[in-house]
Amino acid sequence: MQFKELIAQETNNICEQLSSYEDRHTPFKELFLTKDTINFGPIKLLDRASIAMRAVVLFLTVLTIYFFSTLDYQSIDVLKGFTDTFVNFKTMFLNPYAQRFTLGEAFYNVVVTLGLAFLTTLIGGIVALLLGLLAAQNLAPKQVTNLIKGFVAIIRAVPTILWVLIFAVAAGLGSAAAIIGMSFHSISYLTKAYSESFEDLDRSVIEALMASGANWWQIVFQAVIPSSVTYLLSWTFLRFEINFANAVAMGAAAGAGGIGFDLFMAGGFYFDLREVGFITYLIIAIAIALEVFSTNIKGKLQKSI
Amino acid sequence: MALLELKNVTKNYNNECCALDNVSFSVDKGEFVSIIGPSGAGKSTLLRCINRMVEVSSGEISVDGVISSSLSKKRLRKLRTKIGMIFQHYNLVDRLTVIENVLHGRLGYKSTLAGVLGRYSQEEKSQAYRIIEILGLNEQMYKRCDQLSGGQKQRVGIARALVQNPKIILCDEPIASLDPNASKVIMDHLRNISKEMGITIIVNLHQVEVALKYSDRIIGVNRGKVVFDGAPCDLTTRQIRDIYGSESEDLMFDLGERHAG
């Protein structure tokens, strides 16, 4: 109790001291008293970064002017080229018509392409879930995370189509190579996305569960995944949309079948612009449907979880 | 025999001397011990050495007769179930409900698979429910933890520690982010837990007055050394100066002089 009285006395003492401060002349008071102006240069200093920035802009301007002044059009009539392209677009998009296949067959091929996208996203998601856990800095030792992150960064740096063509050496051009190559790229993409979602969970939460005796798998399933499940699902869905677009391209480029192959045949083999238009509309419709669906799902998830 | 015993515990981070320097003390069942000291004195390290969240460099810690430093992973897990821990920032899984967070305290007792699937027995659930009720959270039971106030979150933290059936609860600055009202509620709960359930409470505190009011015993730490260990009534202003060192010299010097006079 003696101690409490002392603290009370000390508080009084501080208050007295504070009131005596008011009469003193402090440097901050001078701030109000002096009215002299100091001569000052421009606020933005010409440092190395801004000089480099200006040099880059100047260089690009000069390059652009030089490029247009020396461009060789050869014998192409630019105006005619534009109008011809426009006419092509007009037949493509204003008169879409499919004569080689029925609407039912077209839908069947869309389903094949969707299946390709679904399968590769599924394989990618499952493998990436495991790799993502090992690549998250709050869950795995630093050496392991660095190794995995470096590895998937290299895979991601090479475009999907290249991976498909690389695997086509072993599997031959076709759906097998497309699935392996697209899954490969999906794994690396989703590993990065998942591991970053996992890292959102504070290390201290993991510490708290470890301190109560929980082991690694329990922490992963009871804390890490519940905390990041909305992110995981939205990343997976984003990858599904990307894989759908990839699957269309792979159908054409790697002969993986589906609507992409039809598009390739219509455009490159039969030169049927109206069919190209028809297929493009179909793909756009599916893409919009996917987008609407995923936005809905995300909204619902955020509300419920 | 004492419930918790530290013998010559030393901890160095990166070969630098010394987060903890030759710390020895023992704590009995049901004691309420406050550890005070300036920031960076080694309070948190000391607390985390007890459940081996931090490995000691040398020395020996025994909890309930078990020497913790040599335990295998599996037995360490078992030891940790006896030691609850609560934190300044609560460290709950925000997206889960109160009851789910409380039941997390049971994970240490469960097999990996049962824990992964979140299958808790009827007994565990009713125990969790009773604890939640005692702490006055039954209305929040199915709320997500990110919808709770700070004081409520800390009570969930206490419930999570209690559901472990611990012998010791370690509290790392439990009231540092709470307003005075919520702080009082939390400290009252902690004191009741130690008095009525016989659970040892070891709490890191920044507020000397709170430590004086609630503890059976105060341990003052400065630069990794125990500089005071005794009952609150024995704590003099001079010793507070020793604990908090030169940072607060001016204020404490005045206090000390007047105390002497």
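Predicted model: local features only at pLDDT ≥ 70, side-chain atom pairs only at ≥ 80, totals over all residues.
Starting with chain A, the unreviewed UniProt entry carries the annotation "transmembrane region" for residues 51–69, 106–136, 157–180, 216–235, 247–270 and 276–293. Two of these spans can be checked against the coordinates. Residues 51–69 of chain A come out as 100% helix and 0% strand, with end C-alpha atoms 27 Å apart. Residues 216–235 of chain A are likewise 100% helix and 0% strand, and here the end C-alpha atoms sit 24 Å apart.

Over in chain B, four strands make an open antiparallel sheet, ordered β2-β1-β4-β5. At its edges are β2 (16–27) and β5 (66–67) of chain B, each pairing on one side only. Strand β1 (residues 4–13) of chain B runs antiparallel to β2(B) and is joined to it by six bridges; Y13(B) stands opposite E16(B) in β2(B). Helix α1 (residues 43–50) of chain B packs on this sheet, touching β1, β2 and β4 (58–63) of chain B, and its direction makes about 60° with that of β2(B).

As for how the chains meet, the contact draws 28 residues from chain B and 23 residues from chain A. On the chain B side, α2 (73–81), β6 (83–86), α4 (112–117) and α10 (249–260) each supply at least two residues, with α2(B) giving the largest share, four residues. By type, the chain B side divides into nine nonpolar, 14 polar and five charged residues.

How values were computed: Residues numbered from 1 in each chain as written. Chains lettered and ligands numbered in written order. Contact = placed C-beta atoms within 7 Å. Nonpolar A, V, L, I, M, F, W, Y, C, P; charged D, E, K, R; others polar. UniProt positions renumbered as here; feature names shortened; annotations may be inferred. Pairing = 2+ DSSP bridges. Axes fitted to C-alpha atoms, helices over the stretch in contact; angles between N-to-C directions.
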